[in-house]
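Subject: Structure for your study

Dear colleague,

Please find below the structure that I am handing over to you. I would be grateful if you read the notes after it with the model open.

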Amino acid sequence: MRLTAAGTAFACGSLAVLLFVPYVLLQRGAPAWLPGLTLTGAALVAPLTGRLGRRTLRGLGHEHVLTLGTVALGALAVVMALGQSVALLVAGYLAWAAVDSVLQGRWPALIAEVAPEADRPRWFAFHGSSWGIAQPAVPGLVALTGGAMVTAAGAFLLIPLVLTAHRHRDRHPRTGRRTSSRSSPARTE
């Protein structure tokens, strides 16, 4: 459930950016040809940055990379939401595409890592529903928040909280210390 909730937030953030960047560019006064050129530039940059990023981050765990990466995506969405210039929006989107390319494949890899082998097909299918939930939800979320990039920023910045929620669940309510799920052996003296 935790991974699917985080995956749904990721899908909402990604779709908010991908679906609305052309519109936001035109809304800010970009020439009609610029959205297409911007999307083409991102498509050319992403394979290179994805490959370089995966090499650089090879030693980090999938959950750690997803946490850091979604914070970066959220920060870039904030830049795209607040910056009013066309140049800043284009630069923010190209940087967003570069970071996003590094995260490609991390969600399935994380699921494969944590799911019991016999249940992996169900875990993948359940997690895959994230995109099916996000696709019809994004236009409504954008309407509610008043902006696509605001929606994206909120969704991306929610992900680290969801991913790390399990760490806080196992803490003792009074002391804040981690509780062990295994019972400790009794000491005999």
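The notes below describe what was found, from the whole chain to single residues.

This is a predicted model, in which local features need pLDDT of at least 70 and side-chain atom pairs count only at pLDDT 80 or more, while totals for chains, interfaces and linings use all residues. Residues are numbered from 1 along each chain as its sequence is written, and side-chain values use heavy atoms, with hydrogens and water left out.

Overall picture

The protein has 8 helices and 0 strands; both kinds of element are DSSP runs numbered from the N terminus (helices: H or I, at least four residues; strands: E, at least two). Of its 189 residues, 40% count as buried. Buried means under 20% relative accessible area, exposed over 50%, and partly exposed in between (1.4 Å probe, protein chains only). Contact means heavy atoms within 4.5 Å. Among contacts between residues at least 6 apart in sequence, 80% join residues at least 24 apart.

The nonpolar core

A nonpolar core is a set of buried Ala, Val, Leu, Ile, Met, Phe, Trp, Tyr and Cys residues joined through side-chain atoms within 4.5 Å. The largest one has 46 residues, and those with the most contacts inside it are Val17, Trp96, Met149, Phe156 and Ile159. Helix H1 (2–27) gives the most to this core, with 13 residues. Leaving aside residues up to four places away in sequence, Val17 touches Met80, Tyr93, Trp96, Met149, Ala152 and Phe156.

Helix H7

The buried residues of H7 include Met149, Ala152, Phe156 and Ile159.

His127

Is His127 buried or exposed? His127 counts as buried because its relative accessibility is 10%. This residue is found in helix H6 (residues 120–145). Not counting residues up to four places away in sequence, His127 touches Leu3, Thr4, Gly7, Trp107 and Ile111.

Val71

Val71 has its place in helix H3. With a relative accessible area of 39%, Val71 is partly exposed.

With kind regards
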